[in-house]
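Here are my notes for your first read-through. Keep the structure open while you go through the points.

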Amino acid sequence: MVILAPADGTQAPFVHEAPDLMALDVVLVGSGFAGILLLWRLRAMGFKVHLVERNKRSGGVWSWNYYPGARVDSDVPTFELTDPELWSDWKWSQRFPDQKEILTYFDYVTKRLKIDSHASYNTSINSATWDDATKLWTLKSIQGATFRARRVVWCTGLFTKSLSPNIAGLDSFKGEVYHTASWPESGVDLTGKRVGVIGTGASAVQLIQDVAPIVEHLTVFQRTPNTALPMQQAQLPPGGHDKAAYPGVFNGFLYEPSLKSCLDQTPAEREAFFEGLFAVGGFSYYVGSYRDTLTSVEANNHAYEFWQRKVSARIKDKAIAELLAPLKPLHSFGAKRPCLEQRYYEVFNQDNVNRLVDVRNDAIKRVTPLGLETTSGAVHEVDVLVTATGFDAVTGGFRDTDIRGKDNRSLYNDGWKDGAVFTTLGLMTSGFPNQFYVFGPQAPFANGPTSIECMSEILLELLTYMRDNNFENVESTPAGDQDYKKVVEDAYAQTVLGDLGSGAGWFFGTNVPGGRCEPQLYIGGIQSYKKLARAEASAGYPNMVFS
């Protein structure tokens, strides 16, 4: 075992077996699904590869999500790796597993694939520099560790950097403050406390419905209502799913869009169809609806109208119902990613949850020692303040890492000047040789493991092509980056999701103050993305330069 001394007093990083960290073929940054999968596959291909993770364990964002109620909103078995070696002996207990079960799954996979023997944990990379003379990347961590490799793959995912609100007086608050993305692993006892929650995104919805029964009083500060859909959670039988069906369901979700047009149906037919999707639960109402729900404004309005009626009927106070499910939508249905809920709307019928503050019309002015004051002059006293304000998603982690490519160009400030992201296939950026992303900027939007496995396969085929043709280095061309950016933008233009209004959110980077409004991901679908990648490979990678 090698112990690398920390440079800043934080917990020391560690590796279980020490390869030559200065002579690697590949460094993988991030130990979620992508890092684990690529370490396993690259090692089998004979590459000298090492994985670096800032947390003390594998698990990606789930190794940080300790807030009450945290659970995945993708049905199993789609939220797992698809190799039979990894699912044949594994059994899920819930249709939508909670964070604890997800971490247990990561422990199982990590042990099964012997991941820890090629990994450094408690290691936070803060710089990566390309040397054009040696054709190597040098990565350094804040703990003082150094890694040198021919290639670096960023497996850091979409949600690396949490986003905290910049509210005057926050430091003066005498109570406790927690962010959902950095919740204490030991937990927080909220029993009998007056709790304020800022935000109504996915983590907020999960936390609110979980803690509402135990707190003395709950105040929720909402900017944009969440178009949350019924989860329809279920416990699975002891034997889990029928494994014979597994190979046919690893396509991202368990449901496909209807081939019918919403506009061709009678009102009664639409009502019955939408009711059926609500009964199924999960994201069936989002991705399994009529084929034109996300492409036709009229069809999209029908989908929203049904959702609004169903939700509003569950809320006793009609003024609160109008805030949570307004009669007139603030943006196209689906323009902001919905989340799944189990009892979220019923929470607002509880006697201890009678405050829903609409910060669009009564903004938070400042934090006082005892709570929050809004522009109307109202003061909301709380013992605990929860900032459920999400993430500087997709590109935020790159903003905080000093990545230098050819001619010492900064990835974020030069390659992505003014926040405008450029990649080829969401895989690489011109001017940064042998640097790759998996499930990062401009990646195909899908269930996480599905997108990761798709992109990993494309990357491994590229590396195989390079090895077969004696190429050591590759980078994309500026033209390739620009062409793919247009592909990403055009995919949105073909839908109603480009109707930004006030609902763009992290899909477009506008949840970050001053963030550039542009698509963060490719929404054309996994199959369309595969066609783009296969066409590039079949043509001999015309948008890439090899040496």
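1. Start with a rule for rings. Two rings of Phe, Tyr or Trp pair if their centres lie within 6.5 Å, with the six-membered ring used for Trp. By this rule, the count is 44 aromatic pairs. Bear in mind that this is a predicted model.

2. How is a ring pair described? The distance of the centres and the angle of the planes are used. Take Y286 and F333. Their ring centres are 6.4 Å apart and their planes stand at 90 degrees. Planes over 60 degrees apart count as edge-to-face, so this pair is edge-to-face.

3. Where do these two residues sit? Y286 is in helix α6, and F333 is in the loop between α8 (318-324) and β13 (340-341). Y286 is buried, at 7% relative accessibility. F333 is buried too, at 1%. Both belong to a cluster linked by ring pairs, which also includes F273, F274, F278 and Y290.

4. Now look at helix α5, residues 267-280. Its 14 residues reach 20 Å from first C-alpha to last, close to the 20 Å expected at 1.5 Å a residue. G281 follows α5, and its phi is positive, near 80 degrees.

5. Which residues of α5 are buried? They are R270, F274, L277 and F278. They cover an arc of only 100 degrees around the axis, so they lie on the same side of α5. An α-helix has 3.6 residues a turn, so residues three or four places apart point the same way. The buried residues of α5 pack against β12 (229-230), α6 (284-287) and α7 (297-312). On the other side of α5, A268, A272 and A279 are exposed.

6. Turn to the nonpolar cores. The largest has 129 residues, and L28, L218, Y285 and W307 touch the most other members. Helix α12 (residues 448-468) gives the most to this core, with nine residues. A second, separate core has 23 residues, among them V29, W137, I403 and L411.

7. Finally, check T477. It lies in the loop between β21 (474-476) and α13 (478-493). Is T477 buried or exposed? Its relative accessible area is 14%, and buried means under 20%, so T477 is buried. A polar atom of the T477 side chain lies 2.9 Å from the backbone nitrogen of G480. Leaving aside neighbours within four places in sequence, T477 is in contact with T424, S430, P542, N543, M544 and V545.

Key: Residues are numbered from 1 along each chain as its sequence is written. This is a predicted model: local features need pLDDT of at least 70, side-chain atom pairs count only at pLDDT 80 or more; totals for chains, interfaces and linings use all residues. Side-chain values use heavy atoms; hydrogens and water are left out. Helices (H or I, at least four residues) and strands (E, at least two) are DSSP runs, numbered from the N terminus. Buried means under 20% relative accessible area, exposed over 50%, partly exposed in between (1.4 Å probe, protein chains only). A polar contact is a pair of N or O atoms within 3.5 Å; within protein, one must be able to donate a hydrogen and the other to accept it, and residues adjacent in sequence count only if both atoms are side-chain atoms. Contact means heavy atoms within 4.5 Å. A nonpolar core is a set of buried Ala, Val, Leu, Ile, Met, Phe, Trp, Tyr and Cys residues joined through side-chain atoms within 4.5 Å. The expected span of a helix is 1.5 Å times one less than its number of residues. The arc is that of the directions from the helix axis to the C-beta atoms. Rings of Phe, Tyr and Trp (its six-membered ring) pair if their centres lie within 6.5 Å; planes under 30 degrees apart count as stacked, over 60 as edge-to-face and the rest as tilted.
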